[in-house]
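Subject: Structure handover

Hello,

Here is the structure I said I would pass on. My notes on it follow below.

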Amino acid sequence: MNTNAFALRHIGPREEDQNLMLKALGLESLEQLIYETIPDDIKLKAPLNLDDPMTEHEYLLHIHDLSKLNKARKTYIGLGYHPTVMPAVIQRNILENPGWYTAYTPYQAEIAQGRLEALLNFQTMVIDLTGMEIANASLLDESTAAAEAMSLLFAVRERDQKKAGINKFFVSKNILPQTLSLLHTRATPIGIELVIGNEDTFDFSSDFFGAILQYPGKNGKITDIKSFIGQANNVGIKVAVAADILSLVKLEAPGKFGADVVLGTTQRFGIPMGYGGPHAAYFATKEAYKRELPGRIIGVSKDTNGNRALRMALQTREQHIKRAKATSNICTAQVLLAVMAGMYAVYHGPEGLKFIANKVHNKAATLANALEALGYKLMNDAYFDTLRIKTKAKNIKRVASEKKVNLYYPSKNTVTVSINETTSIRDINYLIAVFAEAANKETIVISSIDKHNNIPEQLRRTSDFLKEPVFNKHHSETELMRYIKFLERKDLALNHSMISLGSCTMKLNAASEMLPLSWFKWGNIHPFAPLKQAKGYLTILKELEDQLTEITGFAATSLQPNSGAQGEFAGLMVIKAYHESRGDHHRNICLIPSSAHGTNPASAVMAGMKVVVTKSTAEGNIDVDDLREKALLHADNLSALMVTYPSTHGVYESAIKEITKIIHDNGGQVYMDGANMNAQVGLTNPGNIGADVCHLNLHKTFAIPHGGGGPGVGPICVAKQLVPFLPGNPIIKTGGEKAITAISAAPFGSALACLISYGYIKMLGSEGLTESTKIAILNANYIKHRLEGSYDTLYSGERGRAAHEMIVDCRPFKANGIEVTDIAKRLMDYGFHAPTVSFPVPGTLMIEPTESESKAEIDRFCDAMISIKKEIDAVSKEDTNNVLKNAPHTLEMITADEWLLPYSRKTAAFPLNYLRDNKFWPSVRRVDDAYGDRNLICSCTPIEAYAEA
Ligand SMILES: *Cc1c(COP(=O)(O)O)cnc(C)c1O
């Protein structure tokens, strides 16, 4: 046996542990467990057809070789992506640190104060730079953020009687091409009419509910947004501004002119281009629209002791609660990238950002002067970093390609050059030489960069930003390193203990999978670079598509969607395009079981579908009779069924083939939510079950770390008939023959993060992947067994087995006055993150251990759960001053001189022995959500400043 095989590193339980677990379950073998778990008629007959597994060392050599196929050339393409400098202190202490990248979305606020603070910094940075009142803690990319802005303005238009029912939205012709494509994708299904035009000649007397401008425009021009917004405000047209965040250092904040939404990407703040992502988009708006604001908002509140404590605010807006009435389907966002971009601002501070922005602007202006001296005509008088030159593009392109420089050529007679943080004087001279050679002239040599200001007077920034202390005291490496550590210590991540979140699959994110993300030749490729320069990427992306196609049993894959929810939307749009291609424009009914994840109905509504909810049986399965009845009733208009498999109840429904057949017989397509794919890989697959399309969460099943709430990658895999409609991109040809318009800004979504899943599959191979699925099922069933007698498991398969996760019922404890939240908070005292709370059944916990957790860790978790059950038994409804209601307990409480609680300090903080060696201290007591929502504060401006205002 190769004791160094990656499968043995990825999978937790050793062989002897597996045997002990099987024995406890009364089983002879793993095969017997699988036989008792998965219905026979859906089992795969043959192993997956994948390459033999590589060892970690072999893989790193392989991925290094492939990186050499990428040509990281000097790139001045712009269009929303720029070369950057990631501060090494951020790279080492955040990007490469499992304490940050393996954390979960901060639902359990008391053990997530570190990343909550980092995100509050991000929001404050956005609020300051945009001049808006509130901001969220990231969206997926600039183009989807623009689409969210359009939806928000559409949703609030009814508040103005004059605008009720108006559906026209103005889009500046200077918008980025990928954003325009996305606006089309999102406008059509909900009945918004886009009108594209020149903002300088916009007729303000016409009937529009809103408009979007690019600031500066795609070719570098700075529009007078002050005048446009002023006139639009007068006639009730709401305005969104897609703004370059670095330019806002020099340009006045759009909020100061009355913008309703300001959005964009924060990639320029130290995040590598990564061939398109992941990067955090930002989104800021007015307080009046806080209930329509998409994504997660971090807010300030207080804990039981009245101390300041952070948590996610206004959660009732989210799709988890609002479902089909949700304003957006955003779930996973780009938390890790937002943390990093926020830290870039912390590190540089206001003065540092000014230095960088001035450097970029002055270099652009210096280049402009030299080009004019060479006789070139510049088309923009006002610009920040992008020059637009009127000349024969062909001539420039010939020389630039020869000299290995990437410029952008928007038309036959225009060339654009975008200067960035990495551009040196040497680079400027090199660019001048390219243009000189193309003009057959002697070049001009620049030896210094002068101060310039080509920003129109009325748009120059006069307002302050980043005055808060946090942006003004961590400017040495030592200080920032310690600040990052200070925050990290408040957060419980996978490097402390298992995070058994049902439906979220928090498995190992192996170091070997992560290492290449820091490499120069993977980071520094622009998504619109010529394909010849991206051969390394194209190789792995194609192979990953093929691997996922094989694993799902389908015909093709698109890697474009940046999250599971975006995958759902993409899949439904593909289904819609398919129906329409057959003349079935009327098919708009989407059946969704009541137990579905909230993103399902939210995505269906975005795709212009009508949601019809189907019932579940008492056993937690889809009520097949109800489903058949509804499918027949809506047969003429049936578009799709969205179904999760194994079900969100953690069961492999044996009727699944019958269910997919009912839908097909009635003219519909079957969408499978692939969040539970970790229970399928290698044993069964969506194609086999009869689905037509599924999304995968590569950040669940395929080892991309959760990042504290993103990045995610949510590819869709489709059957043959849907392949022609896979999503495209306006600049780089991708997707099917009849591709729908873009789902994400970049042609391959978050290409850089895809390396992780590629490595995962490459190192596990067919056998390792299948073994992982089996052990995930073994681990879950072992927990189910160990908790028997303490907790009732709701739902199991026909032979009494769970799938890869299970739901334990906490509702009976209400008799003792204990809610499921109390158990979640008490688990913190035991050093564990709670499982999924109240999804899909209120009052329950959904536990998913994954294959990566060892028997020892699982035993520790079960010991904690059993110990908590004993505590529950010992308390009563009448007396709420107990160890569960008071949880979590902080170090400050335990070490206080005074101790008045009716149980000991040891019971509070060290209830089991293992805690003596490995104690994690929650940094605040229980956080008051309601208080924070009533007094919404979502920036780190000191409270006193609010009091003064
Ligand atoms: C996680 C999840 C989703 C949403 O995926 P995101 O990547 O967070 O958008 C959808 N459905 C189910 C069942 C999930 O568990």
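A residue counts as buried if its relative accessible area is under 20%, as exposed if over 50%, and as partly exposed in between, using a 1.4 Å probe and protein chains only. Helices (H or I, at least four residues) and strands (E, at least two) are DSSP runs, numbered from the N terminus.

This is a predicted model, in which local features need pLDDT of at least 70 and side-chain atom pairs count only at pLDDT 80 or more, while totals for chains, interfaces and linings use all residues. Residues are numbered from 1 along each chain as its sequence is written, and side-chain values use heavy atoms, with hydrogens and water left out.

Helix α25

Helix α25 spans residues 820–829, and nine of its 10 residues are buried, so the helix is largely enclosed by the rest of the structure. The buried residues are V820, D822, I823, A824, K825, R826, L827, M828 and D829. Among the elements that cover them are β25 (836–837), β26 (844–847), α26 (855–873) and α28 (905–909). Just after the helix, G831 has a positive phi of about 85°.

Domains 1 and 3

The protein chain is divided into domain 1 (98–302 + 329–345), domain 2 (349–459) and domain 3 (520–524 + 532–762); these bounds come from an automatic or database domain assignment. Between the C-alpha centres of domain 1 and domain 3 there are 27 Å. Contact (heavy atoms within 4.5 Å) links 36 residues of domain 1 with 45 residues of domain 3.

About 3100 Å² is buried between domain 1 and domain 3, and carbon and sulfur atoms give 63% of that. Buried area here is the accessible area (1.4 Å probe) that two parts lose on being put together, summed over both. On the side of domain 1 that touches domain 3, the elements giving two or more residues are α6 (98–101), α8 (142–156), α9 (177–187) and α12 (335–373). The largest share, seven residues, is from α9.

How many salt bridges (a side-chain nitrogen of Lys or Arg within 4 Å of a carboxyl oxygen of Asp or Glu) does the rule find across the interface of domain 1 and domain 3? The rule finds zero.

Residue T614

T614 lies in strand β18 (residues 610–614). Is T614 buried or exposed? T614 counts as buried, because its relative accessibility is 0%. Apart from neighbours within four places in sequence, T614 is in contact with L591, I592, P593, S594, D626, L627 and K630.

Regards
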